[in-house]
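Let's take a walk through this structure together, one spot at a time. Keep the 3D view open and follow along as we go.

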Amino acid sequence: MKEKIEQLKMRIAEELQSAGDSETVEKIRVAYLGKKGSVTELLKGLKELSGEEKKEAGQQINALKKYAEEHISARIAQIKAEELQRQVDSAEEYDVTLPSRNVQGSYHPITLVQRQVEEIFASMGFTIEDYFEIVDDYHCFEALNIPKHHPARDMQDTYYLDNGQLLKTHTSAAQNAIMKKYGAPLRAIFPGRCFRNESTDACHENTFFQMEGMMIDKDISISNLIYFMKTMLSHVFQQDINVRLRPGFFPFVEPGFELDISCLICGGEGCPSCKNSGWLELCPCGMIHPNVLKAGGIDPEEYTGFAFGLGLTRLAMMKYGVKDIRDLNSGNLKALSQFVHE
Ligand code: DAH
């Protein structure tokens, strides 16, 4: 028996050595370890032996089995490594550090403007905050001086969950949490996806992006608001932008404004794009209402601040000349891939 086992061992070693691919190794495995393989047959033959003999032979055959299994897996690993090496060697000039020659895709236009706005505000000391898309009534409305049954809620119908939570209608929903997180003084911007129950058309979508900003400190005034908005917009549009404020009503600011920018197409002369007024409406804003500061744990006697709610989707449409807002959420690569790579 001992001799037979030694012979088998040698044969296995030889055959594995000369096997050049994984299929041949598999054949060897079946020939020795398969149901009718030589090693298996030896094990089956054990039942004819008796007592001591059986024990000794059993140990030897099991050792042979282990030997065969280990050598087979080692040979397979070796063959795989050799195959890989052959592939690498045969590839012509293969430099894994080279950038792909065929770059597909680009950032979404909204991501592009979002990053530009973030960059300029970050350079002016603003932190960039993230916030939930699912919020509660308190954060979306109550904390913003919009109590239940306030008519301002009519403009912001949204999608409600069974548990009373809702998809946020504006990034202002994060104001309260951010005030509580940092206290005053505070400079923060917070981009986010917003939702409203809207019928969609070329100018309306049920899902869109805003970029909210807040600056709270001692003696903050409307001049600060105008300065920051002008600086940010001139950076985004890469030209000097004139702004003007018109009164606008939002319960969470007092006074509240609509901020217009001078028309980019006619430079303020008046053209069809700006309905001949020379101005384009861009960003609602205002001085944060004392009730909102109070709800955020900030003393309105000591601190004042401004807030703005920039329509990021709108900004992207203006910057990249997108005519139909629905293209932006469509996932239609043909429509989206026409925008600049930056
Ligand atoms: N949250 C408002 C909206 O979506 C926009 C807004 C207006 C935000 C005035 C502000 C603000 O921060 O001061 O309609």
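The side chains of Glu129 and Tyr182 are joined by a polar contact of 2.6 Å. (A polar contact is a pair of N or O atoms within 3.5 Å; within protein, one must be able to donate a hydrogen and the other to accept it, and residues adjacent in sequence count only if both atoms are side-chain atoms.) Before going on, keep in mind that this is a predicted model, where local features need pLDDT of at least 70 and side-chain atom pairs count only at pLDDT 80 or more, while totals for chains, interfaces and linings use all residues. Residues are numbered from 1 along each chain as its sequence is written, and side-chain values use heavy atoms, with hydrogens and water left out.

Where does Glu129 sit? Look in the loop between strand E1 (127–128) and strand E2 (134–135). (Helices, H or I with at least four residues, and strands, E with at least two, are DSSP runs numbered from the N terminus.) Glu129 counts as buried because its relative accessibility is 8%; buried means under 20% relative accessible area, exposed over 50%, and partly exposed in between, with a 1.4 Å probe and protein chains only. Leaving aside neighbours within four places in sequence, Glu129 is in contact (heavy atoms within 4.5 Å) with residues including Ile178, Lys181 and Phe190.

Ala184 and Pro185 are joined by a cis peptide bond, with omega about -5 degrees, and Pro185 is in the loop between helix H7 (175–182) and strand E4 (186–195). Another cis peptide bond links Glu254 and Pro255; this time the proline is in strand E7 (residues 253–262). Then there's Gln238, which isn't a glycine but has a positive phi of about 50 degrees. Is Gln238 buried or exposed? It counts as exposed, because its relative accessibility is 68%.

Last stop: the ligand. Of the 16 residues around it, His170, Ser172, Arg196, Gln210 and Glu212 come nearest (a residue is near a molecule or strand if one of its heavy atoms lies within 4 Å of it). Ser172 has a polar side-chain atom 2.8 Å from a nitrogen atom of the ligand, and Gln210 has one 2.9 Å from an oxygen atom of the ligand. Strand E5 (207–217), E8 and strand E9 (304–311) are the elements that give two or more residues to the shell around the ligand.
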